[in-house]
Amino acid sequence: YTDALISELSARAPSMLGTAETLYIGGGTPSLWALGDLGRFLDAVRDRPGLSEDAEITIEANPTEVSAPWLREILAMGINRVSLGVQALRDDLLRSLERTHDARTAMSSIDALLSSELRSVSMDLLFGIEGQRPDIWEADLREVQSLGVPHLSVYGLTLEEGTPLWDRVRKGKVTLPSEEEQLEMLLSARRHLRESGYVHYEVSSYAQPGHRARHNSGYWTMRPYLGLGAGAHGFLPPVRYKNESRVR
């Protein structure tokens, strides 16, 4: 798969004018990527189209993969931002989402990232989970604020047709919060986070001063970008494209 990514990069890179200002390694769980292959891919990007000297380089990670050795390796590669898929800070909600980590692991991972030499750290939070009430959500928001994570991505749970959760909801085995409750959670996140000094700078993103995601912001300012790999989207004006989703 790494070979295929590098091959696609080689084919698409000539379409870019100048070096890249940001690189976002997402889609699935890239923290499971063998570090040697990740490093090989980063070397290929630096070769062509190239990365600017102060490029923002983000990798998505699950709490279970964050460790001192992993952190040392990605920092040595030049990765300077981690987006952590926490989703919730309560074990019952994490079990409902079938996540592989618990709240304790999430908190430990957040502490490790915040005390590292990373330029910035982001954390994903979900509302609209089975068993989640507006008062529980507000308590979790207060805990998040106390952690001091400089960037938050706050999403409503989306049911994707064909997934196990979609099937359980359709059969009445799982009941999610009502639309009214989800709206209340959406608005309370905006209120609480803005009162705590976060700027609501795009649909789902909140940042403390100096921590807006440059990569995210580029989507809204029509900056061209390469999408590489299965299911990736790209924008090379005037063309927008989406890659085949199936890895095979």
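Predicted model: local features only at pLDDT ≥ 70, side-chain atom pairs only at ≥ 80, totals over all residues.
1. The residues of helix 2 that are buried are Leu38, Gly39, Phe41, Leu42, Ala44 and Val45. An α-helix has 3.6 residues a turn, so residues three or four places apart point the same way. As for its length, helix 2 (residues 35-47) has 13 residues and reaches 18 Å from its first C-alpha to its last, which is close to the 18 Å expected at 1.5 Å a residue.

2. In the largest nonpolar core, which has 51 residues, Met123 and Leu152 are those with the most contacts inside it. A second, separate core has 10 residues, among them Leu93, Leu126, Leu157 and Val174.

3. Once residues up to four places away in sequence are set aside, leucine 152 touches Ser122, Met123, Val144, Leu193, Tyr198, Ser204, Ser205 and Tyr206. Serine 204 lies in the loop between strand 6 (199-202) and strand 7 (205-207), and, leaving aside neighbours within four places in sequence, serine 204 is in contact with Leu152, Ser153, Val154 and Tyr155. Serine 204 counts as buried because its relative accessible area is 17%, and buried means under 20%.

4. Leucine 183 is found in helix 8 (residues 179-195), and leucine 183 counts as partly exposed because its relative accessibility is 46%.

Key:
Residues numbered from 1 in each chain as written. Heavy atoms only, no water. Core = buried A, V, L, I, M, F, W, Y, C linked by side-chain atoms within 4.5 Å. Buried < 20%, exposed > 50% of the residue type's maximum accessible area, 1.4 Å probe, protein only. Contact = heavy atoms within 4.5 Å. Helix = DSSP H or I, 4+ residues; strand = E, 2+ residues; numbered from the N terminus. Expected span 1.5 Å × (residues − 1).
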